[in-house]
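Here is a short note to read alongside the model.

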Amino acid sequence: MTKSKKITLSASRDIPFNKLVLSQSNVRKVKAGVSIEELAEDIARRTLLASLTVRPVLDDDGAETGMFEIPAGGRRYRALELLVKQRRLNKTAPVPCIVRTDGLAEEDSLAENIQRAPLHPLDQFRAFQAMREKGKSEEEIAAAFFVSVGVVKQRLKLAAVSATLLDAYTQEEMTLDQLMAFTVNPDHERQEQVWEALKQHYNKQPYEIRRMLTEGAVRASDRRAQFVGLDNYVEAGGEVLRDLFQTDDGGWLQDAALLETMVTEKLNEEAEAIRAEGWHWIEVGADFPYGHTYDLRRIRGEAEPMNEEEEKTYEALKTEYEKLEDEYAEVDELPEEIDVRLGEIETAMEALQNRPIRFEAEDYAIAGAFVSIDSAGGLRVERGYVRAEDEPVAETDVDPGGDAVGPVNHDDAMDDTGQTTDPDEEEDDDGTKPLSDRFVCDLTVHRTMALRNALASDPQLARFACLHAMALSLFYHYDQDSCVEITPKSTQFGAQAEGLEGMPYVQSIDLGIETWAGNLPKSPEDLWGALTEWDSDSRDALFAHCVAMTVNAVQEPHYRKPRQIAHADTLASTLGLDMVKAGWTPTAHSYLGRVTKAQILAAVREAKGDKDADRIAGFKKPDMIEAAEELLAGTGWLPQPLRTAPLAEEPDEPEFEIVDDGDVAPDEPAIEDEEAALQAAE
């Protein structure tokens, strides 16, 4: 039996640094990984952890010259060279080396790089965790490995995920992106529940994991959270879930019950201060439905004038502001202290200008106030509203008015997902069906509000529409042929259509109501005299607004009015109404959650094409809604009740011109190409 030859390892020895040179045989030509500067700092901290591989430099006769070239370890050599140049290492300092004589230099270099197995990310996560457990701070770990503290926090967060999930990641059953998503919720039991659920779920995308892990939590950007304050919530024992790998807008408040309790307590505290003002009643709530004040008469108080001291302060601030502006008018960039001072002056002047509102004693006796939270998370107080039952007897013959929109009773049901559904709507997965009457009614509420907003900006057309409606009523007795309901009356919609309050066209028309109400005299007896003093432009603008408030283009199931709706279409076309530009988008809340799967697919097919529609055809409805919302975003797609048809071709010689700018046709929906849509969906 032949004995196998024993392996002899290459000799190792310490060689002075100045006897080493780089070899041209090093296969690493492209810079990658840690920089030379960072590697030098690491060697300075921990010394050299791996020897250099060297070969003797021979002369022409094959004899050793005493110099050694480095085919493997060039980056370490350059790091040592940098330390020598910085005089932090002697140029004769001994360097541990492995001396090779057999084979090729290129082989040494290639083998060292290829045979080296890269560190698995999980090993790095666990190494950081071990260092943290042994007393190293996050800052110290970051400094030791030349990474940011944020990176260390991320690695520690990944290492803290359930061991079951880490094993799945090790076995490549889970991607790193999925593992990152699981760090949102530190509860290992919940992490494992979601992971098991995902095994039976087609959608394993990170966003779905985050959604499942934060179910029941409240966004930190929610106005209730802003109202209470995150610091106060945490101080009260609440937990905030954070996502270290994506922008999370402050995270999620895990204890929704605690948040609701804190909101209620703070609102009640604020309400007590409002109640102390002497109001007849106070209503408190985190939110009130849109149109909750429309059936109430509004008493408008008067701003308290500045006293003598406040006027002097205001004038002094104004003088200082103007002086600074003049002094630095030619400067491209203001000095920081001047910029800060100007901001302070502006804040002080605004505080003086925002005068408290004063009401009469008899107003407090009959009116009340609503206390709630505004959209930015601040306190919202609506003062001076009179209920019908509290109206003085002497004023019972006075119409308290309703200059806007209010509630129409619809007993909408809620489905399992929290979306409003129609009782008469049946799921139809086999094909599309017409939109339900009630849903068409809700959609056309949105269109009516946008139509009002558009008409309010066109006084000339508003006057013409008013003339048309009055002529129909007086001479033809067909007043229902016009959607402009000149009685005048303003049909009340209120909270009929979901999501109405936040739409830009609703906010715009509501701002108009508030602005005009503030400009009109408090006493109705003074209105005629006030209007006679207005210029024609102001009267025209008010006229357009008043006419716009009478528009009713809502399609209601119990009240068919085809000619009135046809006129609304004509009015929309003349105005060039574009519901996309007005702000309406097809979301789960506004459309997709209230129609059948077949109708969702029809919308995607129309906007994006057959490829995208077929791709989501097999999804379950909640997943189809989510995917369709992403696909339809930015396409300009609208359901039929919200579309505006182009105007019919005009005659060659019109008798008169309705609008100065001519007819405006709505823009075509912007349909993205299939490749962009696929990337967006993924």
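**Notes on the predicted model**

1. Start at Tyr591. Leaving aside residues up to four places away in sequence, Tyr591 touches Leu435, Phe439, Leu443, Trp584, Pro586, Trp637 and Pro639. Contact here means heavy atoms within 4.5 Å.

2. Some ground rules. This is a predicted model: local features need pLDDT of at least 70, side-chain atom pairs count only at pLDDT 80 or more, and totals for chains, interfaces and linings use all residues. Residues are numbered from 1 along each chain as its sequence is written, and side-chain values use heavy atoms, with hydrogens and water left out.

3. The largest nonpolar core has 59 residues. Those touching the most other members are Leu451, Leu455, Tyr505, Met579, Trp584, Tyr591 and Ile616. A nonpolar core is a set of buried Ala, Val, Leu, Ile, Met, Phe, Trp, Tyr and Cys residues joined through side-chain atoms within 4.5 Å. Buried means under 20% relative accessible area, exposed over 50%, partly exposed in between (1.4 Å probe, protein chains only).

4. Which helix gives the most to this core? It is α17, with nine residues. Helices are DSSP runs (H or I, at least four residues) and strands likewise (E, at least two), numbered from the N terminus.

5. Helix α4 (residues 121-133) and helix α6 (residues 149-159) cross at roughly 100°, and their axes come within 8 Å. Axes are lines fitted to C-alpha atoms, for helices over the stretch in contact, and angles run from 0 to 180 degrees between N-to-C directions. α4 and α6 are therefore roughly perpendicular to each other (65 to 115 degrees; under 35 is roughly parallel, over 145 roughly antiparallel, the rest oblique). From α4, Gln124, Phe125, Arg126, Phe128, Gln129 and Arg132 meet Val152, Arg155, Leu156, Leu158 and Ala159 of α6.

6. Helix α7 (residues 163-170) packs on helix α9 (residues 188-199) at about 45°, axes 9 Å apart. That makes α7 oblique to α9. Thr164, Leu165 and Ala168 of α7 make the contact with Gln191, Glu192 and Trp195 of α9.

7. Look next at Glu382, in strand β14 (residues 379-386). Is Glu382 buried or exposed? Glu382 is buried, at a relative accessible area of 10%. Its side chain joins that of Arg380 through a polar contact of 3.2 Å (a pair of N or O atoms within 3.5 Å; within protein, one must be able to donate a hydrogen and the other to accept it, and residues adjacent in sequence count only if both atoms are side-chain atoms).
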